[in-house]
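Have the sequence and the model open side by side while reading. The text begins with one residue and then turns to the place where two chains meet.

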Protein chains: 2
Amino acid sequence: MAASTVTDPVLLRSRLDSLRAEHAALKQRGLQLNIARGKPSEEQLALSDAILSLPGPGDWKTEAGEDVRNYGGDPQGVPELRALMSPILDLPASQIVAGGNSSLAMMHDCLVWALLKGVPGSTEPWSRVEKPAFICPAPGYEKHHTMCVEYGIELLPVAVTPTGPDMDAVEALAADPRVKGIWCVPTYANPTGETYSDETARRLAAMKTGAPDFRLFWDDAYLVHHLSGNGVTRTNIVALCAAAGHPDRAFVFASTSKITLASAGVGFFASSPANVAWYLARDGKRGVGPDKLNQLRHVRFLKDADGLRDHMEKQRALLAPKFAAVLDGLSRRLAGTGVASWSNPLGGYFISIEALPGTARRAVELAQEAGVTLTVAGSTWPHGKDPQDSNIRIAPSYAPLADVKAAADIIGLSILLAAAETLLTNNARNKVAE
Amino acid sequence: MAASTVTDPVLLRSRLDSLRAEHAALKQRGLQLNIARGKPSEEQLALSDAILSLPGPGDWKTEAGEDVRNYGGDPQGVPELRALMSPILDLPASQIVAGGNSSLAMMHDCLVWALLKGVPGSTEPWSRVEKPAFICPAPGYEKHHTMCVEYGIELLPVAVTPTGPDMDAVEALAADPRVKGIWCVPTYANPTGETYSDETARRLAAMKTGAPDFRLFWDDAYLVHHLSGNGVTRTNIVALCAAAGHPDRAFVFASTSKITLASAGVGFFASSPANVAWYLARDGKRGVGPDKLNQLRHVRFLKDADGLRDHMEKQRALLAPKFAAVLDGLSRRLAGTGVASWSNPLGGYFISIEALPGTARRAVELAQEAGVTLTVAGSTWPHGKDPQDSNIRIAPSYAPLADVKAAADIIGLSILLAAAETLLTNNARNKVAE
């Protein structure tokens, strides 16, 4: 990312003064805009208002005649909900587990069971491995990172490319037997927005791993969350792994949290028959199984895979203008300055900005002073430490469109101001050194 | 338990013949009665039918203004639900966590976090302890046992008395540093029905333990599940532990699974401030928090602690006649025979029978032949192995009252027949030996 266009000291000085004046004026306005949180807006949640009174009086029986109010029934989850998700996940319902309200919790449970028991193919529980490690494309999702940190699993960052993680780096790291897995957000990644190419998925499925029980933690959180009309085509990672002779490599996770209600949705685990059997055997000793009434509620609301897709069109209609507003605001402030580049995602929940190295933290601080709360700088990196101090994550979904528009402009200004401050300081230093 | 009244060989032979004839006639009838499952009946679940359409359109805000549909909010759970449970649990709402649909899952999570991280007061994670062990009053709840077996925690059974576990045995075992906890169902225990006395609770709170991080896993699943009008008075184990200088000893669990809907209720964790902070720190790294919409749903339905108690009166009206029918059926068949004793619980979900040692498995088999499915004999003991082969668990809640009546009679017959078979065989053996 070249910053050559603003390195002329005189030009820079004049711009710094005018940017500072603008920033000072904004501070006076006392705005309170928040685009830190990757969560649905009230309008999005209102699309699912019918759920608040479903399934309705006397409606508690599945097609198979099971009482979803009671203990027992299919421990894999309500069959018609798994059938509904089957075309979405491109896997038979028998390879899908419908769980509780959080796919992240299902990832956590897979991780602790792997640590305490091992997974199919393990020779010992992962907690017995010296210095177990996970590969994590960075920037990435902080809750994946904190989960590993919590259990002493080292995080090994690899760079993100437009087609997914840097596969040469991934393959090199995966050759180490202590490396047990990789975090993947394969569709519209958090926060960088790219979708893994077929080639990336194929290499992940086929690569040699040092650990025979290596797992792709395939968090397909945004699999139907398209911003463009056509959307992307997902790769069927479970099928690719099977074709490559590693049938049990992929743990796939999905969720309706950003389809229906964020706190009250349904999470899914999908994988090979052996992994599903392993999951159910562990989960059966954890508790009484998932909330099947909420699963039936979702069947009644979404009806079928087409109903789900139609619902996502309504989500898109609310989300796409907000993403456009951010991109527009950033362009107007930053295009041609050379101090930042940013993603233009075709789906998902985030726009990721790469600012001038060493300025992200300052830019977020400046935006905060001007009334815009952003995700804490660095939080997309393991341990919250962005080695370049360059990544800024924007989550446009929650705030009203007008706020998003105002915030995008202020963020652009803050990035520019932080860059000008830094460049001018460097310039002065260079002067002294000359 | 004396069996002297039926040891006369002539009398026994004549009774055996008539019991066999009765049993054969029952087999012909092809009954299908199931009293194996400790789960609510359809009538009980119908008491909560209103939940199926709650909270209703547009009702998604807590008193504090939080949106229960979305991410975020109070990670400890909806405050008004915790306030509702406060008088029930006799603890401030700040010491109560409202969770997902399964208190058993919360116990599991505490156990895996203890294994991987340790609890307040731990010097190392429990998984680093050589041969960690838990005390379990037996007969007990099989899902407590299987959870320990799953994670390699040895189960140390102690006898059950009418006032709780045999405390001399508990204190002796707890002195061993590898013993990390004890499973307790302190109110109307599963399956034995007794409620721990104040003295038992006081001794559990005060006893010296070899492990500084010893925990009472206090599963108060039946705390408001009274069968008699007055109910029992619970002891406040958290307060007792604090008074005894062990403020963090008790992990208390409760659930609305057998108050509202078995699969779609809310579980609770209640403990000392340090334990609650520990739980929340762990849980915050697990997922997106509990289903708060379901928590609000429960507030709308139960309204307050008195509403909950009123609801339990309706449950009692459905359950008490079934328990009475079992006790009546057992009495008519078995009173005075000396071959069985049984519990007469003041609450909870189970009646526990102690049959003649060596006959429980056979009695369950005979009942099955006559059309009554019972809990598998032995399943109330660790690893499913009842050392005396004497315990039979009856769960009268699920089946219709008429079925319960018929089943109780058949169970009584089966216990008697199994005893007569055994005694006659012994008698014949003794004859040979003479």
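Where in chain A is the place of A:Ser272? This is a predicted model, and in it A:Ser272 sits in a loop of chain A, with strand S9 (267-270) on one side and helix H9 (273-283) on the other.

Is A:Ser272 buried or exposed? Its relative accessible area is 3%, and A:Ser272 counts as buried because that value is under 20%. Leaving out residues up to four places away in sequence, A:Ser272 touches A:Gln95, A:Val238, A:Pro247 and A:Asp248. A:Val149 lies 123 residues from A:Ser272 along the chain, and the C-alpha atoms of the two are 27 Å apart.

Now turn to chain A and chain B. Here 57 residues of chain A are in contact with 57 residues of chain B. Together the two chains bury about 4800 Å², and 53% of this area is on carbon and sulfur atoms.

Which links cross the interface? There are eight salt bridges between chain A and chain B. A:Arg282 forms a salt bridge with B:Glu150, where the closest N and O atoms are 2.4 Å apart.

On the side of chain A that touches chain B, at least two residues come from each of helix H2 (42-46), helix H4 (103-116), helix H5 (142-150) and helix H10 (292-302). The largest share belongs to H4(A), with eight residues. By type, this side of chain A has 25 nonpolar, 15 polar and 17 charged residues.

Methods. Residues numbered from 1 in each chain as written. Chains lettered and ligands numbered in written order. Predicted model: local features only at pLDDT ≥ 70, side-chain atom pairs only at ≥ 80, totals over all residues. Heavy atoms only, no water. Helix = DSSP H or I, 4+ residues; strand = E, 2+ residues; numbered from the N terminus. Buried < 20%, exposed > 50% of the residue type's maximum accessible area, 1.4 Å probe, protein only. Contact = heavy atoms within 4.5 Å. Buried area = accessible area lost by both parts, 1.4 Å probe. Salt bridge = Lys/Arg side-chain N within 4 Å of Asp/Glu carboxyl O. Nonpolar A, V, L, I, M, F, W, Y, C, P; charged D, E, K, R; others polar.
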